[in-house]
Amino acid sequence: MPPLWIEHSVWLASKKLILASQPRLQKADKQWTSATIDAQSAALALQQRLETRPKSSISTLNILLSGDWVRYAVLPWQDGLYQPDDWNAYARLILAQQFAGSAEGWRLCINPAGFGEPRLVAAMDESVYQVIIELTRTNKLRLSKVQPLFSAVHQLYRKQLKAPEFALVISEADQLCCGFWRDGAWQGVISLPQNQDSEALLNGGMAALLRQAAMLAQVSLPPQIYISSSTHPLAKLSLPECEVSYLGAVHPLFAGDWAL
């Protein structure tokens, strides 16, 4: 008898798509499949994985977007912005300046913040979002979330991020995303390409990447570093002049599979 409810989570990275599936309300091992992708083949790869997913009466789908699929920017506080449409227009202006192109075709997610505080915006291509909606509908799935990986990891581990000033680092096979937090707000979120293995990262590679990310964000490297990875076992990472805390996998369904 098939499970009543299966949760499916897709991790869409820059060059790989991974689908992990696990029944809810009962104990069972997760199942996962992966495919190598590029921007042109991602939709077809996702459709193929969804067609062959484990079946159940209820199927929910979560999408995690990383790599080349999401752009981040910090919006400095601006007086006179009272409505969501005002903040969206402001965010598109900042994104267009930061990434040297029009942001009109992007779907925005602006993190709420208090009065006078900067806000973090994540942007994805609206056409990619519409493809996800259509594939969800045709495969009779319930779409739960479409989240930037950075935002999902922050939400997952937010209770453990206790330092007043820190960097939150997500290490993937070919990407590194680093957010810098100070004065109760994000100061910058930087994505960098990286092609080093775990040994290289443990032996100076991570320190060099973090220094580069801090320079691009125009901040100093904070004393506390929090790291999440489902690709590299970095629990033993140490960095000069920084305290390092390894948080764990980027998502519970992507835990322990270093081959991802």
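The lining of the largest cavity divides into 8 nonpolar residues, 4 polar and 1 charged, where Ala, Val, Leu, Ile, Met, Phe, Trp, Tyr, Cys and Pro count as nonpolar, Asp, Glu, Lys and Arg as charged, and the others, Gly among them, as polar. The model is predicted, so that local features need pLDDT of at least 70 and side-chain atom pairs count only at pLDDT 80 or more, while totals for chains, interfaces and linings use all residues. Residues are numbered from 1 along each chain as its sequence is written, and side-chain values use heavy atoms, with hydrogens and water left out.

**Cavity count**
- The count comes to 2 cavities of 30 Å³ or more, a cavity being a set of points, on a 1 Å grid over the protein atoms alone, where a 1.4 Å probe fits but cannot get out, with lining residues having an atom within 4 Å of a point.
- Grid points are joined across faces, edges and corners, and a volume is the space filled by probe spheres set on the points.

**Largest cavity**
- The volume of the largest cavity is about 100 Å³, and of the 13 residues that line this cavity, S66, G67, E172, C177 and S191 are the closest to its centre.
- Two or more lining residues come from each of α4 (149-157) and β10 (175-182), helices (H or I, at least four residues) and strands (E, at least two) being DSSP runs numbered from the N terminus.
- The largest share of this lining, 3 residues, belongs to β10.

**Second largest cavity**
- The second largest cavity holds about 30 Å³ of space, and its lining consists of E165, F166, F180, W181, R182, Q187, V219, S220 and P222.
- Here β10 gives the most to the lining, with 3 residues, and the lining divides into 5 nonpolar, 2 polar and 2 charged residues.

Technical notes
1 Å grid on protein atoms, 1.4 Å probe; cavity = no way out; pocket = protein on both sides within 12 Å on 5 of 7 lines; lining within 4 Å.
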